[in-house]
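This report describes the two chains shown below, beginning with the terms on which the description rests. It then takes up the fold of one chain, its contact with the other, and the annotated spans.

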Amino acid sequence: MDSEYAIEAEGLRRVYRTRTGWIRPRRETVEAVRGVDLTVRRGELFGLLGPNGAGKTTTIKMLNTLLIPTAGTARIRGFDVVRETREVRRRIGYVFGGDRGLYDRLSALDNLRYFAELYAVPAREQRHRIAELLELVGLTGRERERVEGYSRGMRQRLHIARGLLHRPEVLFLDEPSIGVDPVAARELRRTVADLAANGTTVLLTTHYMAEADELCDRIAVIADGRIQALGTPAQLRRRADGRRVVEVEAYGVPATALTALRDLPGVRETALEERGALQLLTVQSDAGVDVQGDVLRELAGVRLGRVNSREPTLEDAYVAIVNAA
Amino acid sequence: MSAVRTLGIGTLMHAKHLSRSSFEIALALIIPLVQATLAVYLFRAGDEPHRLLEAAVGAGLMGVWSSVLFGSGGAIQNQRWQGTLEMIMLAPRRPVLVVLPITAATALTGTYALLATLLWGRLIYGIRLDFAHPLRFLAAALACVAGLGMFGLLLASTFVLIRNANALANPLDYPIWLLSGMLVPISVLPSWTAPIAAVLPTTWGARALREATSGGPVWPSIGICLAISTACLILGAFLLTSFERRARAAGTLALS
């Protein structure tokens, strides 16, 4: 099969049904994905952004055959993910973020040997391929140590090496940089960019806007199980055109103040991000309305730090899209 | 050839991973001692000291069974906790090639329980390791390990589907070793248990070991044990393919 697209999805839906209790069972139905349509061209680096619980991981798991969609169809390089599972699996790699997914009491080398065998890497190529990947992810010299002694960054790099063993044509990266330090995250971004430059199609989910902005050819913003916006980073950024952003560092913003800020004339969005003891308050307003004075008046009595007024970024556009969902 | 290699490397890696768990090592040290003690006192109380070796072998086999049962259930559950179940099921292989190495590894590490029970019996209770057919005992032990590994696959197939697999494993421990005559002869059990015992590979494995220990025709029992186990393997492979699909539909391959 030689499809123009590496990934195609039409009307993908996924419903989870859970049952708790035996005597009086309580059944719950959660609609995690409510009809996703997308196409990713071969060699494209495509980002899927969305808040927690938006349906990113469920979408990835339907595309990589781990979950069967409740409705809709999906194809990877032209192969149906439900009917032609093995053909799809030969062509994909899957890497997720976090500490799990590896055999901790085995060395990195043993992990890679085992997965190389499982993923049908020919026996005569395994040694060379493993050495090549250890070099790529910077673990050469540490490969005989048990994974339980590895830092999170090292585990993540090993995950990537594992996902690339069988030279997948399509790589699914589910929040690969979560919990990774900035230096390791930069290395990771370079590796991902190199893979895409060499023709691997990459579908990346991330919470980090800068990462998506730097890497992705196109981005889909998913919220509430549906794609809310799709375009290049520049196109998405334009969603916040005509706006101005006021950022205020504060300590202990009361909920009443936040409600009052939302009701100010000209204010379009507000967001409050916790950064340890500090809170970062972001207020988006129409560009023609100067809300800074009103914002500071509403925050009277709250201990404040730096106050900044700036042009909107991709992150502001993302917040606007998600809040509108 | 590639399938055999995958099974071999998979079994080796899972056995390596299992044998490095401090919890598993502690269990492997303590349980055989408890089982050897149980066997010795049961048979001494029953005025059958001449059957002490037979009892120790039976107790050792209980250890192998526990390892396979909790290994198959526990290993699948552990893979789920570790986040590796999705990664291995995602491999472009038949599910049986992915899961059989796990159950084979539990049977392999369970062999230690058999050896350790005999060793504790010799060291602490002075049981003489006088086997009627030492070589046939070895063959019977190998058949038992292979048979239990294959039987484990049948169990593991259901554990793939059920998220709380270990809840299912616990109540299966005692009935199976009781029904298989590992410690108490089947003849003293109610007659309705006989048909169940006859289809369990563990019954024939235990019988082969007993015959090799105290004399008897070992090979037919080994043959029946392996034949039933092979049937379990085929049924397990079939169920695994079906259950893997159901697990993907139900979303139970992951922990959440």
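Helices (H or I, at least four residues) and strands (E, at least two) are DSSP runs, numbered from the N terminus. This is a predicted model, in which local features need pLDDT of at least 70, side-chain atom pairs count only at pLDDT 80 or more, and totals for chains, interfaces and linings use all residues. Residues are numbered from 1 along each chain as its sequence is written, while chains are lettered from A and ligands numbered from 1 in the order in which they are written.

**Chain A as a whole**

Chain A contains 11 helices and 14 strands. Along the principal axes, its C-alpha atoms fill a box of roughly 70 × 50 × 45 Å. A residue is called buried if 20 or more other C-beta atoms, placed from the backbone, lie within 10 Å of its own, exposed if 12 or fewer do, and partly exposed in between. By this criterion, 45% of the 325 residues in chain A are buried. Two residues are in contact if their C-beta atoms, placed from the backbone, lie within 7 Å. Of the contacts in chain A between residues at least 6 apart in sequence, 72% join residues at least 24 apart.

The predictor's confidence in each residue is expressed as pLDDT, from 0 to 100. Chain A has an average pLDDT of 88, and 99% of its residues score at least 70. Among the elements of chain A, the mean pLDDT is lowest in helix α11 (residues 314-324), at 80, and highest in α3(A), at 95.

**Strand pairing in chain A**

Two strands pair if DSSP finds at least two bridges between them. Strands β2-β1-β4-β5 of chain A, in that order, form an open sheet of 4 strands with antiparallel pairing. Because β2 (26-41) and β5 (79-80) of chain A each have a single partner strand, they stand at the edges, and one side of each is left without a neighbour in the sheet. Strand β1 (residues 5-20) of chain A pairs with β2(A) over 13 bridges in the antiparallel sense. Within this pair, Tyr16(A) is opposite Val30(A), and Glu8(A) is opposite Thr39(A). The two strands form a hairpin with 5 residues between them, and Gly21(A) in the turn has a positive phi of about 85°.

Elsewhere, strand β11 (residues 243-251) of chain A runs antiparallel to β14(A), to which 6 bridges join it. One of the residues concerned is Val248(A), whose bridge partner in β14(A) is Val307(A). Strand β14 (residues 303-310) of chain A is hardly covered, with 0 buried residues among its 8.

**The contact between the chains**

The contact between the chains involves 23 residues of chain A and 24 residues of chain B. On the chain A side, the elements that give two or more residues are α2 (85-91) and α3 (108-118). The most is given by α3(A), with 5 residues. The chain A side divides into 12 nonpolar, 3 polar and 8 charged residues; here Ala, Val, Leu, Ile, Met, Phe, Trp, Tyr, Cys and Pro count as nonpolar, Asp, Glu, Lys and Arg as charged, and the others, Gly among them, as polar.

Helix α3(A) is mostly covered, since 10 of its 11 residues are buried. These buried residues include Asp110(A), Arg113(A), Tyr114(A) and Glu117(A). Their cover includes α4 (123-136) and α5 (152-164) of chain A, together with α1, α4 (84-89) and α5 (95-125) of chain B. After α3(A) comes Ala120(A), with a positive phi near 60°.

In helix α2 of chain A lies Thr85(A), which counts as partly exposed because it has 18 C-beta neighbours inside 10 Å. On the chain B side, the buried residues of α1(B) include Thr6(B), Met13(B), His14(B) and Leu18(B).

**Annotated spans**

UniProt positions are given in the numbering used here, feature names are shortened, and annotations may be inferred rather than shown by experiment. The unreviewed UniProt entry for chain A assigns "domain: ABC transporter" to residues 7-249. For chain B, the unreviewed entry lists "transmembrane region" at several spans, including residues 21-43 and 174-198. The table sets out these spans.

| Span | Helix | Strand | Distance between end C-alpha atoms |
|---|---|---|---|
| Residues 7-249 of chain A | 33% helix | 32% strand | 42 Å |
| Residues 21-43 of chain B | 96% helix | 0% strand | 33 Å |
| Residues 174-198 of chain B | 44% helix | 0% strand | 17 Å |
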